[in-house]
Amino acid sequence: MDLLNKLDYCSAVINESHRSGSGSFKTFQRCALNDIQIGDLKIKKGTMIGTDFAPNHYCSKYHEKPFEYMPERWLDENSLTRQTTKQNPHIFIPFSSGPRNCIG
């Protein structure tokens with residue numbers, strides 16, 4: 001495992017592959033456990049809510065040249081990708097997020 005942690009470019013290729021074309025579903029659904037109001041939007045208990053997180057992976061607000069395959073974006077500590085994912089880890093979520101994010 002020590003050796004794997006030293007393979008920086010390999011990790012960058014894996015991250016970029018996940019960012020540009022994750023093999024998992026790009027949406028996940030949750031069921032509202034309670035009635036809730038968010039601004040003018042009312043959500044009733046039992047309503048299924050779907051979230052599409054793929055747009056974050058292609059947003060120029062979070063990634064330089066988001067439609068280009070660039071593993072190097074994960075190596076530069078000062079890159080937009082590295083800065084935004086440090087500030088908000090939910091910018092890059094190739095599988096899911098939260099307590100059920102592990103696919104293994």
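Colleague: What makes E77 and K86 a salt bridge?

Modeller: Their side chains meet at 2.5 Å, N to O. A salt bridge needs a side-chain nitrogen of Lys or Arg within 4 Å of a carboxyl oxygen of Asp or Glu, so the pair qualifies. This is a predicted model, where local features need pLDDT of at least 70, side-chain atom pairs count only at pLDDT 80 or more, and totals for chains, interfaces and linings use all residues. Residues are numbered from 1 along each chain as its sequence is written, and side-chain values use heavy atoms, with hydrogens and water left out.

Colleague: Which salt bridge do R82 and E77 form, and at what distance?

Modeller: Their side chains meet at 2.5 Å, N to O.

Colleague: Why is R82 called buried, but E77 partly exposed?

Modeller: Buried means under 20% relative accessible area, exposed over 50%, partly exposed in between (1.4 Å probe, protein chains only). R82 has 18%, so R82 is buried. E77 has 38%, so E77 is partly exposed.

Colleague: What makes E16 and R73 a salt bridge?

Modeller: The closest N and O atoms are 3.0 Å apart. The pair links distant parts of the chain: E16 sits in helix α2, R73 in the loop between α3 and α4, 57 residues apart. Helices here are DSSP runs (H or I, at least four residues), numbered from the N terminus.

Colleague: How do you know that E16 and R73 are buried?

Modeller: E16 has a relative accessible area of 0%, so E16 is buried. R73 has 2%, so R73 is buried as well.

Colleague: Why is the Y58 and F67 pair called stacked?

Modeller: Rings of Phe, Tyr and Trp (its six-membered ring) pair if their centres lie within 6.5 Å; planes under 30 degrees apart count as stacked, over 60 as edge-to-face and the rest as tilted. The whole structure has 2 aromatic pairs. For Y58 and F67, the centres are 5.3 Å apart and the planes at 20 degrees, so the pair is stacked.

Colleague: And why is the W74 and F92 pair called tilted?

Modeller: The ring centres are 4.6 Å apart and the planes at 55 degrees, so the pair is tilted. W74 lies in the loop between α3 (54-57) and α4, F92 in the segment after α4, 18 residues apart. Both W74 and F92 are buried.

Colleague: How do you know that T85 is buried?

Modeller: T85 has 17% relative accessibility, so T85 counts as buried. T85 is found in helix α4 (residues 80-87).

Conventions. Helices (H or I, at least four residues) and strands (E, at least two) are DSSP runs, numbered from the N terminus.
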